[in-house]
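Thanks for coming. Please have a look at the sequence and the structure before I start, and keep them open while I talk.

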Amino acid sequence: MRTGILLGAAAMAAVLAAVDGGSPWNKEHNRKMAAKVSLLARSESGRAELSGHLSSLIEGTAQAEAEQTEQGAGFDIKFVPANSSVFDPDLSHTFAVVPHQAFVLGYADNTHLKGYQGKDVVQLGDYYAFANFGAVTDCNSPDFNDVDGIVGFGMPSAAAPAPAPPPSMMSGMSPAAAPPPASLPMPLLFALTAKGSDDANDNRVQRRAFSFLSSDKAAEIHLGGFDPEAIEGQLFLTPSISTHDYSVVAVSLMFGGTELLNFVPKDPRFRYVPAIMDSGTSCLVMPDNDINGLLEGSPFAKWKALVKDTAHPVMQEPFVLNIAGRTFEIPYDTWFLADSNQSCVQPAPPGFPGLLVGDVFFRRYLVMFDLQHYPESVIIGFAAQKKDYKPLAYYGETGRSNHYAMKLSVAKKPNVNVSKAPPGYNLPFATDRIPVYNQLETQYFINISVGNPRQNFTVIFDTGSSVFGIFTKCIPNAPSYGRCVFGGGPVGDGALLIEGAVFVMSLSVFFCAVGICINMYFRKQHDEQERKARKMGGKAGGESAYSTDMLKNYYSSAP
């Protein structure tokens, strides 16, 4: 998502707890042994075995928190809410507040997203369904400038939500004595693929799978599986070793013939680190410590010593990453960003015991994520991008032939060269392609719509997160924390005062119009009565409409 990595304390805890384990391969990274340990993730007992080792090697929480404190708080650039489009719940006749649920999320770089939870029709590409989302009313990070929220395609977080911040709620948003709980809504991918609904507002993806690939200028999501026309060579399949993030077994990371992951344990079961496939990370991120004795030294420090100057590296070699026995190359022109004259290689956040594999990988390979059998198993596939394949142009852009439809046909199943697959496994083929905007090879944006009628938004796309949040106006009957930076809210909020003034003026105009109509009605009645009186009284009435004869008609006698 950006060069500064966002890893919340809760998300980090989930990662640390879920990706620890053992890996039976020898020092030479025997391919068969590597594949064997990765297959442990296909069974419950195997996943239990994979979650039993690295936790003892991870840095202590106190140490990690101390290092994060050294990073400092706050941002040099301000977040500008006026540059974002905002969801207005009052304009959608299908919107509903999720009762008693706040939305509170914090990241290690001191970013916060706060608000309430809502439910409405959400559309991505050709598919739409009712989905819960975080109605974000308060954001402080410049990483969200010029966008309208975030959609994570990651797996649901296993960690408990972060504790609620000190009570700073706006009056009228929720009872001060009973702060609403904070939790994360179901990820959008899961909402779009949930089974058993026949609601007229639903058009769901048939299979819970997607793929992602990128180029230097564009990117693309394949919903429902992958497009065989986008790849060449073999599709390599391996299980995720976690059901909380897209983690695979990394047994080796070479740079220019030098091994960066020098494992200390002789037991082959412990000679690996998890590698998380994360589109929200721009670069290749590696540990800057020995992971409490798992490695002989810091992989990042070793690489830095080889290149000397990260802005002008003396070694312009590729990285070679070994995932479960299969090697994948990340060439120099991919990990070095010539436009900004910097290396897209970074040290991992404090306490993180593995690799984060970001945009530098997706620009070379298609990565498929198949969650059909989640949570029992998750299959991840890797294949080289076809050299002449061009992702769809982003909305409003040119450069893609119009005859190539976004909708994909699944009538014919193509013949795909695939590595050994689980018994009975059927490849998922995409049914829709979503164009993605690649901003300076550091952030990915997609378009979604929320509400009925639809309101359109540009949001950050991230495979390393399950967060689904849209910038939203505050409304008085929803629980929330923080400020109403996007407008709306209780009395005292400027936007609401304007709305109230308009409402009062409208009532005033209405009642004035009613008063004029009533006045005209009685004036007409009076004129009609006076005309009749004049006709009845004639000259005897002394030119008065209320003559003796008139009074006689009223009271049957005159005084």
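A disulfide, for this talk, is a pair of cysteine sulfur atoms within 2.5 Å. Please keep in mind that this is a predicted model.

With that term in hand, how many disulfides does a search of the whole structure find? The search finds two. With bonded cysteines counted along the chain, the pattern is 1-2, 3-4.

Take Cys-283 and Cys-344. Their sulfur atoms are 2.0 Å apart. The angle about the S-S bond is -80 degrees, and the link is left-handed. Cys-283 lies in the loop between strand 10 (273-277) and strand 11, and Cys-344 in the loop between strand 15 and strand 16, so the pair ties together parts that are 61 residues apart in sequence. Cys-283 counts as buried at 3% relative accessibility, and Cys-344 counts as buried at 2%.

Now Cys-474 and Cys-484. Here the sulfur atoms are 2.0 Å apart, and the link is left-handed, with -110 degrees about the S-S bond. Cys-474 and Cys-484 are 10 residues apart, and each lies in the loop between strand 23 (468-471) and helix 9 (494-537). Cys-474 is buried, with 4% relative accessibility, and Cys-484 is buried as well, at 12%.

Let me step back to the chain as a whole. It has 10 helices and 23 strands. Of its 559 residues, 52% are buried. Among contacts with a separation of 6 or more, 74% are between residues 24 or more positions apart. The chain exposes about 25,400 Å², and carbon and sulfur atoms supply 55% of that area.

Next, helix 6, which covers residues 299-307. Which of its residues are buried? They are Pro-299, Phe-300, Trp-303 and Val-307. Seen down the helix axis, these buried residues fall within an arc of 95 degrees, so they line one face of helix 6. In general, an α-helix has 3.6 residues a turn, so residues three or four places apart point the same way.

What covers that face? The cover of the buried residues of helix 6 includes strand 8 (247-255), strand 11 (284-286) and strand 12 (319-323). It also includes helix 7 (332-335), strand 15 (342-343) and strand 16 (345-347). After helix 6 comes Lys-308, whose phi is positive, near 70 degrees.

That leaves the aromatic rings. The whole structure holds 36 aromatic pairs. One of them is Phe-87 with Phe-133, an edge-to-face pair with 5.8 Å centre to centre and 85 degrees between the planes. Phe-87 sits in the loop between helix 4 (61-70) and strand 1 (96-106), and Phe-133 in strand 3 (residues 127-139), so this pair ties together parts 46 residues apart in sequence. Phe-87 is buried at a relative accessible area of 0%, and Phe-133 is buried at 0% relative accessibility.

Trp-303 and Trp-335 have ring centres 5.9 Å apart and planes at 80 degrees, so this pair is edge-to-face. Trp-303 belongs to helix 6 and Trp-335 to helix 7, so the pair ties together parts 32 residues apart in sequence. Both Trp-303 and Trp-335 are buried.

Finally, ring pairs link a cluster made up of Phe-153, Phe-210, Phe-212, Tyr-246, Phe-362, Phe-369, Tyr-444 and Phe-461.

Conventions
Residues are numbered from 1 along each chain as its sequence is written. This is a predicted model: local features need pLDDT of at least 70, side-chain atom pairs count only at pLDDT 80 or more; totals for chains, interfaces and linings use all residues. Side-chain values use heavy atoms; hydrogens and water are left out. Helices (H or I, at least four residues) and strands (E, at least two) are DSSP runs, numbered from the N terminus. Buried means under 20% relative accessible area, exposed over 50%, partly exposed in between (1.4 Å probe, protein chains only). Contact means heavy atoms within 4.5 Å. Accessible areas come from the Shrake-Rupley method with a 1.4 Å probe; for residues, only the protein chains shown count as cover. The arc is that of the directions from the helix axis to the C-beta atoms. Rings of Phe, Tyr and Trp (its six-membered ring) pair if their centres lie within 6.5 Å; planes under 30 degrees apart count as stacked, over 60 as edge-to-face and the rest as tilted.
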